Each structure stands twice: as C-alpha cells, then as structure tokens.
Amino acid sequence: MIEKLKENWFVVLVAAILIAAVGYYTYDTNKGKLPGKKVDGKDVVASIGDTNYFADDLYLELYGDESSASSAGTQVLFSYFERAVVDAAISVDDEMKTQIATAVTSVKQSYAGQEATLLTQLQAAGYSSLDDLEAYFTHYYKMQKLIGDAYAEDLENLFTPIYEEKKPRVVSHILVKISDFDNITEEEQAKLDAVDKALADGEDFAEVAKEYSDDGSASDGGNLGYMDADTNFVSEFKEAALAAEKGVVTDWIRTEYGYHKILVTETDKEALMNDESIRDDIYAAIESANPDLNAQIIWEAGQKLGVEFANENVENAIKSYLGIEDEE
Amino acid sequence: MKKLLTVCAFALLVTLSGCKDATTSLSDGNDALITVGNTKITKNDVYTGLKSENGVTAVISKLTAYIVDQEVPVTDEMMSEAQETMQSFKDTVGESNWATFLANMGYDDEQQYLEERALLSVRAAQLTSKYINENYDQIKETYQIRKVRIFQTTDSAIAAEVQEKVQNGELTIQDAVNQYDAVTTTYDGSEQILTNASGLGSSIWENIMAVTEDNTVLTPYQYSSDLSNFYVIEVVSVDVPLEEAQSTIEGLSTISDDAFAYYLKKYNFTVYDIDLYNGIKSQKASYIVQDK
C-alpha cells in the first residue's frame, strides 16, 4: 500500500490538496449560514430551553380550521389555487409579454428608493421578494384575460340586465366653472353666452367643449365615457344625464362645480357592447352587479383543467370561500 | 484515480448542499392539498405562505408562553385579573357572539381562551417588572438613572440670576420655579427621576453624569445646543433606589423589549428557519440572541 502511494505520490498530493480545498470551501461557505435542526426526523422551527417548536405544529396552528372558509389556511390555499388555475388556463402571448414588461419597468421606476414599500405590498399579495414583481404582473394580466374572455363570451347575457336596469350610456359635457353663483362674473357670463351661441349656431359639441369647457375632459371633446345609474357623479349631473335623450344637448345644469351642458352620445346596447373604449367600464359594471362571478369563472376554469382535493374538508372550505358550495 | 475523483465529487456535493440558510418544511409537506391539472399545491406551499404572514407572531407567542411558565407563576390575583379582562371583552363582543368569536380565534372553549390568551397576557405583563427587579443594577447603568431638580427658562439672564441664587442658597430650585413661574417651561422644579432617554441634550446629560455626589448643583447653568433653553439643574441623587425609579423605568419605551430579549437569552432561544429569523430580526432585532 505504502509502496503504491509512493509510486503515485503526485496523485496523492493532488488529492490531498483537493480535499483540503474542499474542506476549506465547506467551512467558508457555511460560515454565517443559519443552521437547521431536526428531532426525530421533524424540522424544528425554534427552540427555547428544553422545548422544541416543530414546523408541523406551527402549520396546524397557523392554518386554523381546515373546514372553515375563513381560516387563514383556506385563504392562503385559495390564493395558490387561484394562481394555479389562472397560470394553467392562460398562456402568455407577445402582447401580454409587452404589457408585463411595461408594468414591471413602470412600477420599478415609480418605487425607486421605496423598495421596502413595494416589497410590503408584494408580500401582502402573497409574494415573497422584489424578484416576484414579474410573476405578480404575469398573474395579474393572466387573470384579466381569463375574466375578460369569460365576460366577452357571455356579454349579451351579462350586460342585458344592467342595460335594462341602469340605463348605461356614453356622455360628454361642457363645464363653465362658477366661483360664486350669487355673483356671476362678466367673464363667466360671457363664457356661458359663448357656449350657448356656438351650440345654437350648430357647431360641433366636441369642438365647443374643446374651446370653452373648464373641465379636464375638454381636450377629449368633453367626453366622460361610460356612465350608468351607479356611476359616482354629483346627483344633479347624474339625474340630468340619465334623463337626457341621445343627441339632444341639455339645458344648463347647475352643480357644485358650475354649469354643465350635457350630451348623451350613445345609448344603443349593441353599440355600447362593441365600443372598445368603454369595455373596461362595462366589465366593471358586470363585476359590480355579480360579486361572485369572478370566483365562479376561476372555479369553472379549474374544473376544465381537473381539480382534485386532498379531502372533503379542503374541498368544502374552498367552495365555501368561492361562494359556490350550493351549485354543485 | 477514479475512486479519488468520486470522493472529491461527493465532497463537493455535500459542500454545496450544506451551504444554504436553513428553512423548515413539514413531515408530510409534499402531500398535495389541491391538484389543478398538473400543478400540485402542497402543504409546504401553504406552510410557506402562512409562515410569511403570521409565523413571527405565532413563534413569539409560543416563546412568551414558555418564558412566563418559567418566570411568572400564576397567582389568584392574576387569575382574577385575567377573568375580569375576559369578562369585559366578552361583554364587548356580546354573549350571543362569544362562542363564534372563540371558534374563529381558534379556541375550543372559554377556558382555553382564559388560559392561553387572557392569563398569558396578565402574566406577560409581569415579566417586565420581574426583569426590572432582578436586573436593576444593570438597568441603572444602561439608562443612567438620576434624581434631579430642574429649572428651565428661555431667558438666559433669568437662568443666570436663578443659578446664582440657588448656588448662594438664597433659593431652592423648587422656590425658583414658583417665583419665576411666568417664564419657566416643562419642568416644575420637583424631584424627578430622569434617564438618558428623557430628552435632555447630550452635553447637558454628560454634565449630569459627571456628578458623583448627591445634592450637587451643576455650574454654570446649562443650555440647549440651539441656545433656546437654559437650565439650572441640581442632581439630587446619583444612586436612585429601585422603588423610586420603578415607574420611570416601566415607562421607558424599550424596556419591555429589553426584558423579553433578556429572557430569550437566558433560555437560549434559537431559531432554525431563515424566513422566521429574518422576520423576527426585522420586527424585533433584539429578540435574535443567537450567533447565526
């Protein structure tokens, strides 16, 4: 043996150096690392005195009642379920890739120097680090698409009740701000008169709005977009806009902001449903009118992918959380 | 030679696998709670989510329970206080909602709530007092506890006048505060216990700390760094007994954390999960008492 080692002294030397290097590397890389602990094969989270706290026990304590929709465990489980469904149901196309990249860049720029705040917000949404920003937006846009596709597929059925009950329409207005209604200034009165004259002369409403309106919508021809009976406008304005006929400019409507001329530009159901510019507003109205709809869409998407639950408690808790327990 | 290479490769593998901070997982953590298509949502996934949301609070609660069990035996008085607290809370929640409240909070019954919440809270409150009682000498040194009388004014001429009269024995600081009450601020001239966390300027505090004998009037009068306030100060006692300092110490914002950290160290608290380690460190850095 010794003879062999002597014969291969160079190999032995190289081996010894390698082993020493590996030993040092092991020491160096583990220096400052948090060590783990196992007792009877179970991970220990923390110890104090002679007592060990196990990961298994911490999980049970944090999870709460497995069969309850309101337990912390069910809520966390649902967030993973939702992500898994959306992730599998929707794939990322080039357009979405661009949207995600733009959103990530924009948020990073907005939060430059405030990364701690951003991290807190990401953690509140169930993510663990700033590196998850892309994953967050990927999920966000996938979710938008899943919900949007489902709404689009059944738009007629979903929008009709809103159309019948809430008088949806597209409106524009011209605002002349009045600082004191009891003492209207010459300038304010001149503007009111000029608007009246322009409209009486048959000038285009949008052009008059661009020229005279004191509202931020002036540059867009006074266009306020979609509104319905649930829209959060001041009551005098909302009542007048909902009562107005399409294409007929109202009389001056007084609100706390000043005097408004209102023009309803669209009330036709098909036209509203086909107008891309108000699609998000229509979807928001649908979501507001159907609070459980999104959960149901996620559930149905999950069903198409195939969902298996570990046990009845978990299944019932998730269904209850989604508000769909009675539909099975 | 092949054997040698195998040994080296194995050693490298061991090295690389051991060079990460530890995280914990469940014994049955790979079991799926839900499977969606090909994606498994495992118990470990949910454990990680739960741990990041409430893990730190749960662990600190466990540690509190352990420490009070060692340090604060239950007395009849504490039990009564806990029962009163619980009853008061029960009245707020309402008798009809009480059972639901207990269930939602994860308690099996009222008794469990009493022992694990109300009584624990009463016992935990005693920990700080116990710490102060047992470690007063060290606390006295850390917080530099002194008994003083202070006359404070924004007028340097008055401060000079009072300083002279106090030094000559014509006035006590208390008398000076009464006599010049129209121009004095903040301090009422009575004996009071101060610490280095009391908010006096650091140079003033250094001068107070330089005093070694009781009933010493600082000379000359003191002033704030921006020269907006002037003080005539008498150090009444450089060695304040615990019974006089107790309430001041209990009012220190950091003392309960000091106490808890002390007991964590005493009982060798060690955390073995990097997520919890970082969570505790960011919320209560002094609670990390181990060498990483």
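Modeller: Two strands pair if DSSP finds at least two bridges between them, and a strand is a DSSP run of E with at least two residues, numbered from the N terminus. This is a predicted model, where local features need pLDDT of at least 70, side-chain atom pairs count only at pLDDT 80 or more, and totals for chains, interfaces and linings use all residues. Residues are numbered from 1 along each chain as its sequence is written, and chains are lettered from A in the order in which they are written.

Biologist: How do you know that S8(A) pairs with S1 of chain B?

Modeller: Three bridges join S8(A) to S1(B), residues 32-36, and pairing takes at least two, so they count as paired. They run antiparallel, with A:Phe309 opposite B:Ile34.

Biologist: What makes residues of chain A and chain B count as in contact?

Modeller: Their C-beta atoms, placed from the backbone, must lie within 7 Å. By that rule, 54 residues of chain A are in contact with 54 of chain B. The chain A side that touches chain B includes at least two residues each from, among others, helix H14 (293-305) and S8; a helix here is a DSSP run of H or I with at least four residues.

How values were computed. Contact = placed C-beta atoms within 7 Å.
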